[in-house]
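Reader: Hi! Could you walk me through this model, starting with how the terms are set?
Author: Happy to, here it is.

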Amino acid sequence: MMMPAFDLTLAILALLLTPGPTNSLMLLAGAERGLAGAARLIPAELAGYILTVLPLALAGTALLADHPLLRNGLTLAAAVWVAILAMKLWRMPKADGAGGSVDARGLFVTTALNPKALIFGLVLLPSPDRLVGNLTIFAALVALVALLWAGVGAVIRAGGSRQPRAIFVLRRLASVWLAAISVALIA
């Protein structure tokens, strides 16, 4: 049964708004770079999602039915990557570099390995006759939610978090959150 476009939009939006690794990085990017600087990372996020979601939407169900351990392998890879990100953020020095701790490559890989991509690609988006429309809705919502998370980070920045110490604390908090996500994925 196909999900009506409105219901699909709400389901995608609810899942995208849920705090996770990609959203944590967009929040941190907004706090470090401001909204305009973080918005430049949106194409990397979108590309990461499309890299995972599109093949899953086209052939994922059959592939995972034939190779049931593949889902576990993808989840483990995501957990390991998120743990690596958590350690990188934890180890960053207090002094802030010009670019910040979030770059396009890291955001791309994090998003491509985001467990949410499995749900989008295997459950919400597959529909042979509506895939293009579903992907269009998805892409627009990815950009909107990325701007929202980056905007929250930018508000934190405007509230005085430009100081190296405040950014350092925000990085540590993001690191702890990512570590918790990694442990949850492994469990």
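Author: Helices (H or I, at least four residues) and strands (E, at least two) are DSSP runs, numbered from the N terminus. Valine 80, for example, has its place in helix α4. This is a predicted model, where local features need pLDDT of at least 70, side-chain atom pairs count only at pLDDT 80 or more, and totals for chains, interfaces and linings use all residues. Residues are numbered from 1 along each chain as its sequence is written, and side-chain values use heavy atoms, with hydrogens and water left out.

Reader: Which residues make the nonpolar surface patch?
Author: Leu76, Val80, Ile84, Met87 and Ile186 make a patch of about 440 Å². Helix α4 (residues 69–91) gives the largest share, 4 residues. Patches take residues with over 30% relative accessible area and no salt bridge, joining like charges within 9 Å and nonpolar side chains (Val, Leu, Ile, Met, Phe, Trp, Tyr) within 5 Å. A salt bridge here is a side-chain nitrogen of Lys or Arg within 4 Å of a carboxyl oxygen of Asp or Glu. The areas come from the Shrake-Rupley method with a 1.4 Å probe, and for residues only the protein chains shown count as cover.

Reader: What about leucine 70, what does it touch?
Author: Not counting residues up to four places away in sequence, leucine 70 touches Leu63 and Leu64; contact means heavy atoms within 4.5 Å. Leucine 70 is in helix α4 and is partly exposed, at 34% relative accessible area.

Reader: Let's go inside. Which residues touch the most other members of the largest nonpolar core?
Author: Those are Ile12, Met26 and Phe120, in a core of 41 residues. Such a core is a set of buried Ala, Val, Leu, Ile, Met, Phe, Trp, Tyr and Cys residues joined through side-chain atoms within 4.5 Å.

Reader: And which elements give two or more residues to this core?
Author: They are α1 (5–17), α2 (21–39), α3 (42–66), α4, α6 (115–124), α7 (131–161) and α8 (164–186). The largest share, 9 residues, comes from α7.

Reader: What is isoleucine 12 in contact with?
Author: Leaving aside neighbours within four places in sequence, isoleucine 12 meets Phe120, Leu124, Leu125, Ile137, Phe138 and Leu141.

Reader: Nice. How many aromatic pairs does a search of the whole structure find?
Author: There are 3. Rings of Phe, Tyr and Trp (its six-membered ring) pair if their centres lie within 6.5 Å; planes under 30 degrees apart count as stacked, over 60 as edge-to-face and the rest as tilted. Tyrosine 49 and phenylalanine 138 have ring centres 5.4 Å apart and planes at 80°, so they pair edge-to-face. Tyrosine 49 lies in helix α3 and phenylalanine 138 in helix α7, so the pair ties together parts 89 residues apart in sequence.

Reader: Is tyrosine 49 buried or exposed?
Author: Tyrosine 49 is buried, at 2% relative accessibility, and phenylalanine 138 is buried too, at 0%. Tyr49, Phe120 and Phe138 form one aromatic cluster.

Reader: Last one: where is threonine 110, and what does it touch?
Author: Threonine 110 is in helix α5 (residues 104–112) and is buried, with a relative accessible area of 1%. Not counting residues up to four places away in sequence, threonine 110 touches Pro21, Thr22, Leu25, Trp81 and Leu85. Threonine 110 and tryptophan 81 are 29 residues apart in sequence and 7.0 Å apart in space, C-alpha to C-alpha.

Terms used:
Buried < 20%, exposed > 50% of the residue type's maximum accessible area, 1.4 Å probe, protein only.
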